[in-house]
Amino acid sequence: MRNIFTSLLILAFCTRYCTSVTSPGKDETIACPQPPHVENTVITIKPKLFVDKDKVEYKCIFTGDTLSNTCEKGKWKNNYQCSKFCLVPKIFDGFPQQPSKKYIYGEKMEYECNKDYKRSDVAPECTRQGWKPMPQCTILTCEVPHIKDGRISNPVKEYNVNKTLQYSCNDNLKRSQTDPVCTAEGWKPEPVCNDGRCSLPPKIDNGDIKDRVNSWYNDGAEVTYQCKEDYVMEGDSVVKCSVGDWSKPPQCMKPCLLTVQDKQITLKHKEDLKIQCPDKKRTRLICKNGELLNKCP
Ligand SMILES: *[C@@H]1O[C@H](CO)[C@@H](O)[C@H](O)[C@H]1NC(C)=O
């Protein structure tokens, strides 16, 4: 028992004072000067003395690389530098244009954000201190709407994309049938309170409303559209008033007018015509909203 105690004491003494004895081959008579300064590093391992075979370790601030230097015969052996570039960092909710590019100081990084996220206004620049500012993608938000004659049931400071808004309207007023959802283009549908009535139905190009047009319509009222002759309707001809808003009106697609062998021909939207071109080859012409797809060479 006493022997073990004595050995421990010697061991403890030796780890402090017996270095030259415990590390054979070390020549403590030749010392190195202070280890060289390496830019953009912190020294992580530094011996008490700088004698033969002693090691200093540096860590590069920006890259995290470890550099080491050894004292040999009174001189520091290596002359390492930290690399002078910035690596592309991980971008949450986005991605870099050139993921494996090494950017040099002063270069700016291009990156994109995922759907429903937006970039910060300033492009990140590679600097000695790393990326300034860091690339960042933040989720799109909608502002709290001010609802005339109504109030929000779940008020928060701002709403992220896909969050719904619950609201109610004052007596006798109507609100949208579905809860508005925050989208990249704002609230859909618009959170409003009204008596449900709509004003004039929307105008369309090359078409009009079949019925007599009124200056206002009750909630749920419908109007029917028609297109000019030779124009083809795309979309629903019936448009409905729903809590102050009209549904999407149809479009009237243009015909194509062409002359084939001195004859005037009208091709309606999506109609086609096979003709023989001057080079004797047959070609199929298709009309798309006033424009001919395919032509004779
Ligand atoms: C919002 O919802 C759509 C459809 O469900 C989805 O594709 C999109 O990723 C969502 N966006 C966010 C930011 O959660």
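Which residue in β2 stands opposite Ile43? In the predicted model described here, that position is taken by Tyr58. Because the model is predicted, local features were required to have pLDDT of at least 70, side-chain atom pairs were counted only at pLDDT 80 or more, and totals for chains, interfaces and linings use all residues. Residues are numbered from 1 along each chain as its sequence is written, and side-chain values rest on heavy atoms, with hydrogens and water left out.

Tyr58 belongs to strand β2 (residues 55-60), part of an open sheet of four strands in the order β1-β2-β3-β4 with antiparallel pairing. Strands are DSSP runs of E of at least two residues, and helices are runs of H or I of at least four residues, numbered from the N terminus; two strands pair if DSSP finds at least two bridges between them. The edges of the sheet are formed by β1 (41-45) and β4 (75-76), each of which has a single partner strand, so one side of each lacks a neighbour in the sheet. Four bridges connect β1 and β2 in the antiparallel sense, and five bridges join β2 to β3, again antiparallel. On the β3 side, Tyr58 has Leu67 as its bridge partner. Strand β3 (residues 66-72) is in turn joined to β4 by two bridges, the two strands running antiparallel, and Cys71 stands opposite Trp76 in β4.

Buried denotes a relative accessible area under 20%, exposed over 50%, and partly exposed the range in between (1.4 Å probe, protein chains only).

A search of the whole structure finds nine disulfides, a disulfide being a pair of cysteine sulfur atoms within 2.5 Å. One of them joins Cys86 to Cys126, with an S to S distance of 2.1 Å. The torsion about this S-S bond is about 85°, so the disulfide of Cys86 and Cys126 is right-handed. Cys86 lies in strand β5 (residues 85-86) and Cys126 in strand β10 (residues 125-127), so the pair ties together parts 40 residues apart in sequence. Both Cys86 and Cys126 are buried.

Another disulfide is formed by Cys198 and Cys241, whose sulfur atoms are 2.1 Å apart. The link is right-handed, with 90° about the S-S bond. Distant parts of the chain are linked by this pair, with Cys198 in the loop between β20 (193-194) and β21 (207-209) and Cys241 in strand β24 (residues 238-242), 43 residues apart. Cys198 is buried at a relative accessible area of 2%, and Cys241 is buried at 0%.

Cys256 and Cys287 also form a disulfide, with their sulfur atoms 2.2 Å apart. Its torsion of about 85° about the S-S bond makes the disulfide right-handed. Since Cys256 lies in strand β27 (residues 256-260) and Cys287 in strand β30 (residues 282-288), the pair ties together parts that are 31 residues apart in sequence. Cys256 is buried, with a relative accessible area of 2%, and Cys287 counts as buried at 1% relative accessibility.

Most residues other than glycine have a negative phi, and most peptide bonds are trans. Asp116 has a positive phi, near 70°, and is placed in the loop between β8 (111-113) and β9 (117-119). Asp116 counts as buried at 19% relative accessibility. Residues touched by Asp116, not counting those up to four places away in sequence, are Thr138, Ile139, Leu140, Val161 and Ala184, where contact means heavy atoms within 4.5 Å. Val243 likewise has a positive phi, of about 45°; Val243 is found in the loop between β24 and β25 (245-246) and is buried, with a relative accessible area of 6%.

Cis peptide bonds include that from Lys132 to Pro133, with omega near -15°, and that from Lys188 to Pro189, with omega near -10°. Pro133 is found in the loop between β11 (130-132) and β12 (137-139), and Pro189 in the loop between β19 (186-188) and β20.
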